[in-house]
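Me: I would like to learn how to read the helices and strands of the following structure. Please begin with a pair of helices.

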Amino acid sequence: MSTSSHRRSLAALLAATLFSLGVCAADAAEDAVVIPPPAVDEVASAGTETAIFAGGCFWGVQGVFQHVKGVESAVSGYAGGDAKTAQYETVSTGSTGHAEAVQVTFDPKQVSYGKLLQIFFSVAHNPTQLNFQGPDRGTQYRSAVFVSDPQQRKVAESYISQLDKAHAFPQPIVTKVSETTGFYPAEAYHQDFLTLNPTYPYIVHNDLPKIENLKSLFPADYRGKPVLVMKVKG
């Protein structure tokens with residue numbers, strides 16, 4: 001068995017264990033929603049920028065952003081709580097204040113913060129679901145945007161207001177905009193989970209449709225080869 005196949009087998013075994021515990025249980029995929037771009041966006045600057053998004057199980061959110069042009073990395077992790085509780089088993093209790101989140105490092109000259117928000121709200125998750133996402137229940141699966149500066153806050157809050165006023169979704173957006181107090185990368189077996197486990201039932205039903213929606217609704221921003229956290233050996 002190749003190194004890659006062995007890794008995939010181990011990841012699938014770990015996934016099956018998590019599945020048996022009711023974590024990230026399979027169910028129907030959320031539908032994508034066609035929404036307008038933000039009327040207020042950042043001015044592109046030199047260098048890279050980071051953004052943190054929480055929208056349910058981080059496997060799919062990470063997978064979506066890994067397929068966006070201009071994204072240099074997308075790391076699954078935890079945000080909103082303390083460093084001492086940033087472990088999967090602890091976060092899964094729903095009592096830590098953490099949300100499963102993805103830290104996105106991007107080149108603002110290639111993709112704007114506003115565009116990332118548009119993708120986040122449109123295809124990465126459903127922003128009208130309070131403290132759950134699809135089959136996953138608990139505050140750790142809440143919809144949240146963690147901002148790093150006043151400009152990000154302005155763009156995020158303006159966009160949420162814009163979408164609500166336009167009734168872009170059947171219900172009001174419940175996404176909370178908060179200051180970033182820390183981001184803690186998740187365990188290695190969670191990284192690149194969508195790419196490494198494309199036949200895992202949860203991924204097939206919940207997350208692969210998100211990639212197809214990204215490709216369909218944002219063809220100019222879609223990249224076929226994802227930017228991965230770990231180098232996969234053949």
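**Helices and sheet**

Reply: In this predicted model, the axes of helix H2 (residues 58–66) and helix H7 (residues 201–217) come within 9 Å and cross at roughly 25°. Axes are lines fitted to C-alpha atoms, for helices over the stretch in contact, and angles run from 0 to 180 degrees between N-to-C directions. Helices (H or I, at least four residues) and strands (E, at least two) are DSSP runs, numbered from the N terminus. Residues are numbered from 1 along each chain as its sequence is written. Local features need pLDDT of at least 70, and side-chain atom pairs count only at pLDDT 80 or more, whereas totals for chains, interfaces and linings use all residues; side-chain values use heavy atoms, without hydrogens and water.

Me: How is helix H4 placed, and how many of its residues are buried?

Reply: Buried means under 20% relative accessible area, exposed over 50%, partly exposed in between (1.4 Å probe, protein chains only). Helix H4 (residues 113–124) is mostly covered, with 11 of its 12 residues buried; among them are Tyr113, Leu116 and Phe120.

Me: In what order do the strands of the open sheet lie?

Reply: Two strands pair if DSSP finds at least two bridges between them. The open sheet has 6 strands in the order E7-E6-E1-E3-E2-E8, and the pairing is mixed. Strands E7 (176–179) and E8 (183–185) are at the edges with a single partner strand each, so one side of each has no neighbour in the sheet.

Me: In which sense do E2 and E8 pair?

Reply: Strand E2 (residues 71–79) pairs with E8 in the antiparallel sense, over 3 bridges. Tyrosine 78 has tyrosine 184 in E8 as its bridge partner.
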